[in-house]
Amino acid sequence: MSRLTAKFDALRAAKRKALVPYIVAGDPDMERTLPLMHKLVEQGADILELGVPFSDPMAEGPTIQLAHERALVHAVSLSGILELVTEFRRHDQDTPVVLMGYANPVERMGYDGFAERAGRAGVDGVLIVDMPPEEAEPLNEALARHELDNIFLLAPTTTDERIAKVAGLAGGYIYCVSLKGVTGAGNIDVDQVQKLMQRIQAHTDLPVTVGFGIKNAETATRVAVCCDGVVVGSALVEAVASAEKNGTDVLEATTLIRDIRHALDAISR
Amino acid sequence: MAKAVDKAIDYASFPDKRGHFGPYGGRFVSETLMCALDELEAAYQRLKNDKDFQAEFDQDLAQYVGRPSPLYLAERWSRETGGAQIYLKREDLNHTGAHKVNNTIGQALLAKHMGKKRIIAETGAGQHGVASATVAARLGMSCHVFMGEEDVHRQALNVYRMKLLGAEVIPVKSGSRTLKDAMNEAMRDWVTNVDDTFYIIGTVAGPHPYPQLVRDFQSIIGREARAQCLEQTGRLPDALVACVGGGSNAIGLFHPFLNDESVAMYGVEAGGYGVETGQHAAPLSAGTPGVLHGNRTYLMQDDNGQIIHTHSVSAGLDYPGVGPEHAWLKDIGRAEYVSVNDDEALTAFRELTLVEGIMPALESSHALAYAKKLARSLDKDKTIIINLSGRGDKDIHTVAQIDGIQLT
């Protein structure tokens with residue numbers, strides 16, 4: 001059983017919601033990303049999404065764009081990130097790690113070489129933002145050979161027909177985009193998320209996490225009631241950036257995750 | 001010359017149903033845009049064979065753009081060059097001064113038929129932005145143009161033209177602050193306002209169906225040139241030459257000739273300071289395949305798959321990717337891709353101005369510079385058609401600056 005499936009089974013059995021923080025690998029630098037990952041787990045993260053920086057992050061809002069730019073100043077590469085995950089696994093064999101990024105760095109490494117190295121490093125899932133199912137077959141095959149889950153996005157604009165198609169290909173969990181827009185947008189509409197969740201759940205039993213626009217305990221709990229987990233990205237990346245800017249410890253940024261954890265556990269009971 | 005090509009290929013049948021030209025093209029976008037692209041594709045498939053839509057497009061091209069554009073024999077320049085007869089396809093004479101308007105007229109009509117009220121566009125040199133603002137003004141639609149902050153400074157004239165036309169120009173401050181970043185930002189706007197917004201992409205790149213529909217709208221250039229050449233010379237040309245940034249003017253000229261085996265084709269990329277310096281915008285000449293802006297194509301990228309900075313004296317060619325159909329034509333050998341550096345393009349700019357009284361855009365000057373070398377290698381009874389894709393007025397500030405002259 002994959003680490004992701006095991007994690008969601010355990011969460012469902014305990015009637016808890018998954019908390020999935022997203023950080024950009026190499027922001028503010030690679031040395032601090034590793035302790036940040038461990039600290040996030042300590043504060044209650046169930047799964048870690050590691051952003052792979054790209055020069056042209058088309059789906060990101062300004063906060064995460066800047067984080068990609070900061071990481072690229074240190075020439076953070078996909079190879080370096082796989083080494084980072086290898087390091088992480090030396091002390092944590094339980095927390096699933098998902099790489100989230102854009103197609104080109106993976107294309108450049110080659111699908112099979114990437115999947116093989118990612119599997120060996122201890123990566124559990126891969127979410128390529130600009131690779132919809134129509135283009136994903138060769139990558140899917142490579143990931144399947146190395147027992148990695150391919151995680152797909154579903155959006156408010158996705159038709160039922162496409163939901164069915166994605167449900168057939170997806171592994172691990174489905175990432176439901178809460179709104180029409182980029183990461184960190186402020187226009188989350190919980191009613192709309194609920195309607196989308198109903199459409200998704202009609203087609204699949206896979207766990208569904210919701211992301212984009214979840215900023216704090218309040219938005220997290222409002223969304224979490226209708227799904228299996230929440231992804232917190234821009235708000236956390238912003239907290240890391242301000243800690244760095246103010247010269248405080250970036251690990252302090254993880255208190256946001258602790259607060260959201262407490263709030264999520266309160267509604268689960 | 002072009003390599004031997006598999007004769008079984010019918011170029012008109014590409015791309016395939018999912019938008020692929022061999023391994024290139026496709027639809028690499030986030031899920032939110034997939035339905036918008038499906039909707040666009042369905043509308044385009046319906047309208048492209050609709051007689052009324054085509055009649056409306058043709059009428060706009062004739063009465064608003066001023067088509068057909070002339071095919072002009074540059075007699076004096078051909079004589080002084082010594083070699084093949086050089087013909088210029090005068091896209092510079094179109095309304096707004098470049099080939100870009102052929103496409104914006106077509107896409108704006110699509111937008112109108114799809115009931116969209118708001119237009120967005122990206123622009124580098126500003127020509128596509130101006131052409132988009134122009135059609136938006138005419139159809140009474142709002143228009144937002146994304147332009148890299150760097151380009152906003154070097155193309156101040158076109159920025160003001162867009163404003164006069166009622167468009168809002170949004171300077172893009174992310175990444176390298178040029179055309180590629182403007183395209184990222186336009187995609188971000190589209191994903192946010194996908195219900196009411198039509199994204200007019202200015203070149204034959206982007207996710208399917210853009211490379212196909214932009215090519216189809218621009219193919220009027222090649223269809224006219226083919227008929228005009230047959231009428232004026234009694235036969236097909238021996239070679240076609242066009243500059244390639246994203247590649248819309250080149251594909252517009254090339255596409256109607258692709259099944260004519262005897263016609264050689266040369267796409268001319270921006271060599272910047274020289275391809276050997278690494279500071280250029282010539283992905284087909286010196287790049288590798290990858291995925292950017294919704295399609296798989298040749299890119300300027302590093303070993304980690306990050307897109308690298310480009311350089312060209314002409315803002316319109318300053319782009320790290322290229323249309324997927326060009327990537328495919330290169331691989332199968334149907335077209336040849338070469339590069340011309342900044343200095344060679346500037347020389348051609350001055351020469352055509354002095355010898356023919358035609359001031360070309362710096363983009364088109366790349367095609368002129370290569371065509372001159374090509375013409376010299378050919379006999380006098382051969383003919384070359386160059387796509388003179390735009391006029392040079394917009395570049396006067398750039399040229400004056402190089403000459404050390406301050407224009408007020």
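Analyst: Happy to. A disulfide is a covalent bond between the sulfur atoms of two cysteines. Here, a disulfide is counted when a pair of cysteine sulfur atoms lies within 2.5 Å. By this rule the count over all chains is zero. A:Cys176, for one, is in no disulfide, and the nearest cysteine sulfur, that of A:Cys227, is 7.6 Å away. Before we go on, this is a predicted model: local features need pLDDT of at least 70, side-chain atom pairs count only at pLDDT 80 or more, and totals for chains, interfaces and linings use all residues. Residues are numbered from 1 along each chain as its sequence is written, chains are lettered from A and ligands numbered from 1 in the order in which they are written, and side-chain values use heavy atoms, with hydrogens and water left out.

User: Are A:Cys176 and B:Cys229 buried or exposed?
Analyst: Buried means under 20% relative accessible area, exposed means over 50%, and partly exposed is in between (1.4 Å probe, protein chains only). A:Cys176 is buried, with a relative accessible area of 0%, and B:Cys229 is buried at 0% too.

User: How many residues of helix α9 of chain B are buried?
Analyst: Helices are DSSP runs (H or I, at least four residues), strands likewise (E, at least two), numbered from the N terminus. Helix α9 (residues 210–218) of chain B is mostly covered, with nine of its nine residues buried. Among them are B:Tyr210, B:Leu213, B:Arg215 and B:Phe217.

User: Which side chain makes a polar contact with the side chain of B:Arg118?
Analyst: A polar contact is a pair of N or O atoms within 3.5 Å; within protein, one must be able to donate a hydrogen and the other to accept it, and residues adjacent in sequence count only if both atoms are side-chain atoms. The partner is B:Asp189, at 2.9 Å. B:Arg118 sits in strand β5 (residues 118–123) of chain B and is buried, with a relative accessible area of 13%.

User: And where is A:Thr248 placed?
Analyst: A:Thr248 belongs to the loop between α11 (234–246) and α12 (255–268) of chain A. This residue is partly exposed, because its relative accessible area is 43%. A:Thr248 and A:Val52 are 196 residues apart in sequence and 24 Å apart in space, C-alpha to C-alpha.
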